[in-house]
Amino acid sequence: MTTTAAANPPIIDLRSDTVTRPTPAMLAAMQAAPVGDDVYEEDPTMRALEEAAAARFGLAAGLFCPSGTMTNQIAIKAHTEPLSEVICEQTAHVYLWEVGGIAFHSGASVALLPGQRGRLTAAQIEAAIRPENVHYPTTRLVCLENTHNRGGGSCYAWDDLQQIATLTKREGLALHLDGARIFNALVVTGQRSEDYGQLFDSISVCFSKGLGAPVGSVLLGSAAFIRKCRRIRKVMGGGMRQAGYLAAAGIYALENNIERLADDHRRAAQLADMLQQQAYVAEVLAPETNLIMFRLHDYVPAADFLAYLEQQGIRASSFGPQWIRFVTHLDVDDAGVERVQQALAAAPY
Ligand SMILES: *Cc1c(COP(=O)(O)O)cnc(C)c1O
């Protein structure tokens, strides 16, 4: 009998960095975790994760949630009230991919600004702040995203973040960071996580994207802010009991899976180079981290291209007309990149 392994090499899943599965070492750390009831705030592993994450970003307290959508939406609700307005980029995850949650949970309106690969400037934000007038909602909050997903994993320069934070402090606005992929940005720019707490009132950090944990994000902020957020998490049904098993995966990820993000970035650059050389590719956003966004020429139907990749055992996602996204992560190695390169070179277009 021939082995099926040779005939069916493993699927290379480039749809997202959320598709990673916990490694045996991470699972062992989860299994060994001491746990308690986290709604009673008696889970020692959860406490350790929330404290470690907060300390790492120079903030006082943390709150673990099942998803980044929940951490973002809780933060927005805690920073605003109905009749307020949130300023964000027009393709921000908090606006585009969180089911309209800002309206649903917070009853706030949203001012959308066009960014440069998702990045906003202090001048743009300043111009969008509402003057005092009975007709207008009250600007309360600015949300930034770093790295920016729809912007193709783009990162903010430190100076730009500082200028935005100076503005929001002066204007008495809260500043929230959707840092689902903040570690990718830190690894590339060399910025220090500890410095982020000086700029942002709240930060959401994800463990289940590039860091390889099965579940979870943490929301960071001041002790009083996180106390308020803990109540909002409870009303959303997000209070968890022996959640230390999940926290252990987050601790393992913080200790083991950050430096290696540089490998994902190197592989993303290799794939982008290869895409650049293909006649059927019209445009590639130069990858800054682990996301590669590229546009197919109009004569290549995007659905056919994805079906071709699927036949080769490669998965990717469509990101709007003719745009495709590849994401490198923990479960894509050099051999996988080589297989993708071969498939790209052999594509029948
Ligand atoms: C994935 C993602 C989120 C939300 O995370 P979930 O855990 O999937 O809810 C938030 N912001 C950005 C930028 C993301 O990429």
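1. Phe319 is buried, at a relative accessible area of 13%; buried stands for under 20% relative accessible area, exposed for over 50% and partly exposed for values in between, with a 1.4 Å probe and protein chains only. Trp97, by contrast in label, is partly exposed at 35%.

2. The model is predicted: local features need pLDDT of at least 70, side-chain atom pairs count only at pLDDT 80 or more, and totals for chains, interfaces and linings use all residues. Residues are numbered from 1 along each chain as its sequence is written, and side-chain values use heavy atoms, with hydrogens and water left out.

3. A pair of aromatic rings is described by the distance of the centres and the angle of the planes. Rings of Phe, Tyr and Trp (its six-membered ring) pair if their centres lie within 6.5 Å; planes under 30 degrees apart count as stacked, over 60 as edge-to-face and the rest as tilted. The structure holds 10 aromatic pairs. One of them joins Phe64 and Phe207, stacked with 6.4 Å between centres and 20° between planes. Phe64 belongs to strand β2 (residues 61-65), while Phe207 is in the loop between β7 (202-206) and β8 (217-221), 143 residues apart. Helices (H or I, at least four residues) and strands (E, at least two) are DSSP runs, numbered from the N terminus. Phe64 is buried at 0% relative accessible area, and Phe207 is buried at 1%.

4. The rings of Trp97 and Phe319 have centres 5.5 Å apart and planes at 65°, so this pair is edge-to-face. Trp97 is in the loop between α5 (93-96) and α6 (101-106) and Phe319 in the loop between β12 (317-318) and β13 (323-327), so the pair ties together parts 222 residues apart in sequence.

5. One aromatic cluster is formed by Tyr280, Phe294, Phe305, Phe326 and Tyr349. Elsewhere, the charged end of Arg150 sits over the ring of Trp323, 5.8 Å from its centre; the criterion is NZ of Lys or CZ of Arg within 6 Å of the ring centre and within 35 degrees of the ring normal.

6. Ala29 lies in helix α2 (residues 24-31) and is partly exposed at 25% relative accessibility. Leaving aside neighbours within four places in sequence, Ala29 is in contact (heavy atoms within 4.5 Å) with Ala248 and Tyr252.
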